[in-house]
Every structure is written in C-alpha cells, then in structure tokens.
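Let's take a walk through a protein model together.

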Amino acid sequence: MTDTSARLLQLLSLLQARREQTGPELAARLGVTVRTVRRDVERLRGLGYPVRAELGALGGYRLEAGTALPPLLLDDEEAVAIALGLRGAAAGGGVDGIEETSVRALAKLEQVLPDRLRRRVGALATATMPIAAPPAGPSVAPETLTVLAAACRDRERLRFAYRDKGDAESRRLVEPYGLVSAGRRWYLVAWDLGRGDWRTFRVDRLEEPLPTGVRGGERTLPAPDAAAFVKRSLAAARPVREAVLTVHASAAELADRFRVAGTELEPVDERTCTLRTAADSLEWTALRIAFLEIEFTVREPPELAGRLGDLGRRLQRAAERSAERSAASEGPAGADQGRG
C-alpha cells in the first residue's frame, strides 16, 4: 500500500469518526498540510465518497450520505445484511463488548446509507420477529443507541425526557460524552447543563433524544474513561458489604471456581487461602459461597454466618418437604403392589 493510499484510508476513517472536522484539524491528525488535505478530499470524491466542504470560520469537511454506496466497499444487499446484524447485536449480542462495538459500527454505517437502503433496513427490522429467550434486562431501541452514539461522537448537545429510579420525570439538556454497556443495561455519561455536573443516565429510562445542532464545550471527565465513571457511579449508589473467609482450598483452585470481579485471594498455605469479596447484598454473597462446594469459615461479618444458616435451613426444609411429597405419591402404588 502506498503512502497516499494509506493516508486516504486514514482520512476516510477520520471523516467517519466525527460529523465535521476542519482542514487544519485533519491536517494535524494526518501530519500533512491543509493543501494536501484538500487534494486528498478531491481523490475521495473521485472514488465516489460524498465528502462535503463548508466554507467559513465554522466550516469543515463532513462525510454525507450519497445516492449510492461508495465503490469497493459493500453492495446494497451486503449493506442491508450488515445493518440488520448490527442492530441485533446492539440489542444484545450475548458476547462481552459486542453491543458497544456494534452501536459504533452501526452509527458509521447509517451515516452513509442512502435513504432507499435506510427504508429497507427499517422495514425489515420492524417486520422481523425472531423467536428468542426474553431479555435479561430492559431493552433499548437500536435507533436510540445510534442517536446517542452519534451525539457522543460529534460532542453535540442533546435534549431528552428522563425518568429516574423513583419514577420522577424531568427534561434534560446534556453534553454527551460516552455510552457504556454494563451487562444488559446501557448508560449514557454526559455533562448535565441544568445540574452543572457529570451524570450517568440509564438509557432505557431515556425518551425522545433530540440532537440540538449545537456542539458542546471541551470538558474533562473526572475518571479515566466513561466505563470507569459508570462503575464508580453505580458503586456509590448502593452500599457494598465486604466479606472475609478462610477457604480450605488452594488460591489457584479457588480462583478457577470463584470468578467474581473485585475478589482478592491471599494464599495461607498449599491447602488454605483467604477470600475477600464484596457485593451489595449479603444474601447474594452467601448464595455464591454456598455453591463453591468447598469447606470454608466466615471470619467477617458475623451477619454472613447468619445468612448462611438461614439459607441452609431453608434448603433443608425444602428437601424434607420434597421427600415427604415423593413418599406420599409413591405410597398408594406400593400398597397396591403389596396386595397383588
């Protein structure tokens, strides 16, 4: 690949990454002059890529939807198939990280899809009813995710209606920063202009997102990235109960069987280790520990030992009732056989 070809691919990627960028911005990213950027833009246009230039102090280059897909990329059927696949993956792909990646890819693809293909994708998505297991969490429309992803990409202010965990409704004006997929839930990290602070919004509680056309300011997120900010916000929203146990197994064996984020293991000897774990519920911790099928002793907190005792007694009563029911159902059959 020549230097020019490689630079054209890099320029195309930059144009897809954000809605609009100035010539000096692109030149700085590519390490070339503004004049070279202008020539490369003309080369992309010659290949069929619809790059539009806006003049003036606020102008720049943007990649627009065209009357046909750019050549050498995808034909119509391939584009429709990929868009539908990305929509399905964005709604819940079942693979760690696939949802967020699919949303980013879908936002890029729909940016350059001609209107006729957008209509086909929308019609197929509406008419197709797959048979699948019910989702493990609240569902989010792919259209909502793509609107939010594009606003994050372009740093464009958004208005939307929001319902908090107490069902209180409000209207928000925000500067979106990033989308985060956590399990089966989506979160939007944004600067809330009405509150004057960073906020985390559950996307399934968000309605009617509307881009304003106004670009937000440059702000520094008080976290390494959006995922770290969401993780910290969720941790602050619920109390965390820590537990310390002595487990009669090696640290290596326990690490293979107790795969819980935030767990610390400290070897004591070859057959014993100390387990430190945390959760927002002692009941959940007791349940996870009970399924280890390894001998252990609770060191702290004392309430955890009580939860384990309650769990054990409930399981014992359930086992006894099940045995009694089984014996009662088998009794008459056994008596009939004896009389015969």
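**The sheet and its neighbours**

Start with the open sheet: five strands in the order E6-E5-E4-E3-E7, with antiparallel pairing. Strand E6 (197-202) and E7 are at the edges with a single partner strand each, so one side of each has no neighbour in the sheet. From one strand to the next, the twist averages 45°. Strands here (E, at least two residues) and helices (H or I, at least four) are DSSP runs, numbered from the N terminus, and two strands count as paired if DSSP finds at least two bridges between them. As a bit of background, strands of a sheet pair through backbone hydrogen bonds, either parallel or antiparallel.

Before going on, know what you're looking at: this is a predicted model, where local features need pLDDT of at least 70 and side-chain atom pairs count only at pLDDT 80 or more, while totals for chains, interfaces and linings use all residues. Residues are numbered from 1 along each chain as its sequence is written, and side-chain values use heavy atoms, leaving out hydrogens and water.

Now zoom in on E4 and strand E5 (residues 185-192): they run antiparallel, joined by eight bridges. Look for Ser181, whose bridge partner in E5 is Trp186. Then find helix H7 (residues 142-154), which lies across strand E3 (156-163), E4, E5 and E7 and runs at about 85° to E4. Such angles run from 0 to 180 degrees between N-to-C directions, with axes being lines fitted to C-alpha atoms, for helices over the stretch in contact; contact means heavy atoms within 4.5 Å.

**The charged pairs**

How many salt bridges does the structure hold? There are 13, each one a side-chain nitrogen of Lys or Arg within 4 Å of a carboxyl oxygen of Asp or Glu.

One of them pairs Glu175 with Arg219, with the closest N and O atoms 2.7 Å apart. This pair ties together distant parts of the chain, 44 residues apart: Glu175 is in strand E4 (residues 169-182), and Arg219 is in the loop between strand E7 (206-215) and helix H8 (226-237). Is each partner buried or exposed (buried is under 20% relative accessible area, exposed over 50%, partly exposed in between, with a 1.4 Å probe and protein chains only)? Glu175 is buried at 6%, whereas Arg219 is partly exposed at 34%.

Another salt bridge joins Arg153 to Asp154, with 3.0 Å between the closest N and O atoms. Arg153 counts as buried at 17% relative accessibility, and Asp154 is buried too, at 6%.
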